Amino acid sequence: MFRFSVEMPKQFDSVRCFFRKERKEKIFFKYQVSGSFQRWLMRPIMLPEPPIGRRSSTEASEAGIYGVIKRAVVIGNGISGAENQCIGLVRALGLSGRHTLYRVTRPRGGINKWLHWLPVSLHRKVDYVIRQICIFSGLQTDARWSKVVPLSVEKTGLSSVIEADAQLIAMMARDTFEKEGPLLVIASGRDTISVASSIKRLATDNAFVVQIQHPRSRLNRFDLVVTPQHDYYPLTPHARRQIPWFLRPWITPRRPPDRHVVLTVGALHLADSAALRSAASVWQDELAPLAKPLLVVNIGGPTSSCQYGVDLAKQLTAMLQNVLWSCGSIRISFSRRTPEKVSKILLEEFSSNPKVYIWDGEGPNPHMGHLAWADAFVITADSVSMLSEACTTGKPVYVIGAERCTWKFADFQKSLQDRGAVRPFTGKQDISESWSYSPLNDTVDAASQVMKALAARGWTIHT
């Protein structure tokens, strides 16, 4: 064996090379690169590993003709963050393209925006009474006063979306059981709880029901509940001191996790390995030539538990200016929740900077491409979904505004910091520096637990 070492400048450590001569005169070359020289030499695209293996067709057939799940029903609430969790789990289970999307809708317009705290069934009844009073009184109601969007004509890109009806879905599960096997039902969001639990009650022997996000009580209404660990923060002594006793049943889970519950760190999502590899290819021409390191900045919007406004926007602007020297390029994206007063500040500051690109919402959304090609992220603390997606990549994630979060969202921020997945954004970082952590793999882990629960019931998924 021959060995030599090439001494580089101090900041690059060294490169060590090894030669080994094997039989048949073949020469093998191996190099070892460490420290900042490795980061300077190559910034690889880090993608999550593919999902765990699933049963083959032969193994699936051994489960019996009535024990193989071939299709799924997703029940959403019209909020993309909730519905994407369901679809992400469906994809991780290998049922992509074999699911139907239903939605639970609320009346909209007028006073209805103040009634979203009501259960959806009661909200509809109140809306009906108000409209009848208006008709009886001869009052002319605005067309926007109360409407249910005809979701049957909306398109999701996957299938037509129709109104969720528990009785019809349960009937379908029973009537097609002998031909199609069991039905997998995945729901997410408070408004879907009553529908999903009703399907479980009406088609116990024909459907397997997974509820994403904690339903707070009566977990036996579902076959499985998938929820983040921070949903149990309200049970901690510190949290209980903040809640009046008469409000606790409405705000907190009734008991600690049991066998019905799968705990995750963050939210489930669509950013799986296949999606990111596809996005890396689709966005290669636009993002690959950008100067490295590429810093992606994702800005959400204030929430009741994570409030901010122009003050945080100004703080972020100053911090980005401070790290600009260490960035090859920066790309900034706003969400639909971003206030105009926040986006306006960043647009005025960076729109003329050649190193900075700001997506204006026109054309294809570059979000998945950003996840695939970024070297580091800066993300506002309000979005559990955006943070969960970024932490799946294993790349450095900086958070701004975490100190403004309260309640269980503060607990979520703490859990990410304890894992070493995120660090506070201070504006003093060198973006070319990196660190390692165990990437979040919540969607694949949840799919694995669903498979185990199905196997315990004697069912499997045919992919």
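Biologist: In this predicted model, which strands form the open sheet, and in what order?

Modeller: The sheet holds 7 strands in the order S7-S6-S5-S8-S9-S10-S11, with parallel pairing.

Biologist: What makes strand S7 and strand S11 the edge strands?

Modeller: Strand S7 (162–163) and strand S11 (261–264) each pair on one side only.

Biologist: Why is H7 called largely enclosed?

Modeller: Of the 10 residues of H7, 7 are buried, and therefore the helix is largely enclosed by the rest of the structure. The buried residues are Ile193, Val195, Ala196, Ser197, Ser198, Ile199 and Lys200. Their cover includes S5, H5, S8 and S9.

Biologist: How many aromatic pairs does a search of the whole structure find?

Modeller: The search finds 3 aromatic pairs. One of them is formed by Tyr398 and Phe425.

Biologist: Why is the pair of Tyr398 and Phe425 called tilted?

Modeller: The centres are 6.0 Å apart, which is within the 6.5 Å limit, so the rings count as a pair. The planes make 50°; planes under 30 degrees apart would be stacked and those over 60 edge-to-face, so this pair is tilted. The pair links distant parts of the chain, 27 residues apart: Tyr398 belongs to strand S16 (residues 397–400), whereas Phe425 is in the loop between strand S17 (422–424) and helix H17 (442–456).

Biologist: What makes the pair of Tyr398 and Trp435 edge-to-face?

Modeller: Their ring centres lie 5.2 Å apart and their planes are at 75°, which is over 60, so the pair is edge-to-face. Trp435 is in the loop between S17 and H17, 37 residues from Tyr398. Tyr398, Phe425 and Trp435 form one aromatic cluster.

Biologist: How do you know whether these three residues are buried or exposed?

Modeller: Buried means under 20% relative accessible area. Tyr398 has 4%, so it is buried. Phe425, at 5%, counts as buried, and so does Trp435, at 10%.

Biologist: What lies over the face of Trp435?

Modeller: Arg423 lies there, at 4.0 Å from the ring centre. That distance is within the 6 Å limit.

Biologist: Why is Arg218 called exposed?

Modeller: Its relative accessibility is 56%, which is over 50%, so Arg218 counts as exposed. Arg218 is found in the loop between S9 and S10, and its phi is near 50°, a positive value in a residue other than glycine.

Biologist: Where is Trp407 found, and what is its phi?

Modeller: Trp407 is in helix H16 (residues 407–419). Its phi is near 60°, again positive in a residue other than glycine. Most residues other than glycine have a negative phi.

Biologist: What is the omega of the peptide bond from Lys292 to Pro293?

Modeller: Omega is near -5°, and the bond is cis. Pro293 lies in the loop between helix H11 (284–287) and strand S12 (294–299).

Key:
Residues are numbered from 1 along each chain as its sequence is written. This is a predicted model: local features need pLDDT of at least 70, side-chain atom pairs count only at pLDDT 80 or more; totals for chains, interfaces and linings use all residues. Side-chain values use heavy atoms; hydrogens and water are left out. Two strands pair if DSSP finds at least two bridges between them. Helices (H or I, at least four residues) and strands (E, at least two) are DSSP runs, numbered from the N terminus. Buried means under 20% relative accessible area, exposed over 50%, partly exposed in between (1.4 Å probe, protein chains only). Contact means heavy atoms within 4.5 Å. A charge sits over a ring if NZ of Lys or CZ of Arg is within 6 Å of the ring centre and within 35 degrees of the ring normal.
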